[in-house]
Amino acid sequence: MIWLIGSILLVLIGSALVGISTYVGWQLTHPKRKPVDDLPEHYGLHKQDITFPSQTSDVLLDGWFFKSPIAPTDANPMTVIMSHGYAGTRLEKGLPALALAKSIVAAGYHVLMFDFRNSGNSEGSLTTVGYLENQDVLGAIKWVHEHVPSKICLIGFSMGGSTSILAAAEEPAVLGVITDSAFSQLSPYLRDNLPVWSNLPRFPFTPLILTILPRLIGINPRKVDALAAVDHIYPRPILFIHSQDDDAIPWSNSEAMWSRHPDAFELWITKKAGHVGSYQMQPEAYTQRVLAFLSKL
């Protein structure tokens, strides 16, 4: 009798753990949308509203294009495509991205900002932390090719940084990449840091979520491998920006990618800033780094 009761309790506890893991995993891949509640006009920017399909053609993405009034007319101009972080929007309010875009446009570069699938004003109901978002960036690159033929640089924040690396590895037309607080490999990153996002104890929930989630939504986190992708970008340059005090994605992620090809890549490690917080701490130095990188492309 005691054996039977014990077995029933184990089954109930196991079912509860699986249920919690499934629920939290579903929530992490279906985060609540945040509104696009700021306007470029507040920063003196004049936008062109744009929409374009992801490379997979399954979702329509919403964005803005800012044409620089001082872009060179006697040479091929450059368009900078910005990619936001997990569960965010094109605004990337931690910076804010519109402030950085204003400086880039003022320096003579066009800027494209957009919302990933299942974010902001774009279509979609699933967030895959880079697995499908890579195709969204490729869709943005295609829009530039078709509407504003120009050189291309990618700038991405957190998930957007890792995703930009994946896209650049597939698209040779990208001349360079700037990443801020990117992770290097999704699978080991989640294995080590999932409690930051799930708010659950590492054991037993992290291994349960990582076992259930790929089957639940049909993605393979191991395919989101920016560490391997940088080898396909080299010798094109990458600027890695990361705070030593980032408590969401350790700066060692950027260091690992930079160290693959330090002859072509740059690494700027800041201090005392939170996740994607370096711009807020040092806006002038940050902007100078970005513009110096763009000027060399």
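## Pockets and cavities of the predicted model

The structure contains two cavities of 30 Å³ or more. This is a predicted model, in which local features need pLDDT of at least 70, side-chain atom pairs count only at pLDDT 80 or more, and totals for chains, interfaces and linings use all residues. Residues are numbered from 1 along each chain as its sequence is written, and side-chain values use heavy atoms, with hydrogens and water left out.

**View 1. The largest cavity, with a volume of about 260 Å³**. A cavity is a set of points, on a 1 Å grid over the protein atoms alone, where a 1.4 Å probe fits but cannot get out; lining residues have an atom within 4 Å of a point. Grid points are joined across faces, edges and corners, and a volume is the space filled by probe spheres set on the points. The lining comprises 21 residues, and Tyr86, Val129, Leu186, Leu190 and Leu194 lie nearest the cavity centre. Two or more lining residues come from each of helix 1 (2–29), helix 5 and helix 6; helices (H or I, at least four residues) and strands (E, at least two) are DSSP runs, numbered from the N terminus. By class, the lining has 18 nonpolar, three polar and no charged residues. Here Ala, Val, Leu, Ile, Met, Phe, Trp, Tyr, Cys and Pro count as nonpolar, Asp, Glu, Lys and Arg as charged, and the others, Gly among them, as polar.

**View 2. The second largest cavity, holding about 40 Å³ of space**. Its lining is formed by Met82, Ser83, His84, Arg90, Glu92, Ala97, Met113, Phe114 and Phe157. Strand 3 (78–83) and strand 4 (110–114) are the elements that give two or more residues to this lining. Five of the lining residues are nonpolar, two are polar and two are charged.

**View 3. The largest pocket, holding about 310 Å³ of space**. A pocket is an open set of grid points with protein on both sides within 12 Å along at least five of seven lines. Of the 15 residues that line the largest pocket, Lys34, Tyr86, Gly88, Glu92 and Lys93 lie nearest its centre. The lining divides into five nonpolar, six polar and four charged residues.

**View 4. The second largest pocket, holding about 190 Å³ of space**. The residues lining this pocket are Ser187, Arg191, Leu210, Pro214, Asn220, Pro221 and Arg222. At least two of the lining residues are supplied by each of helix 5 (186–198) and helix 6 (202–217). Three residues of this lining are nonpolar, two are polar and two are charged.
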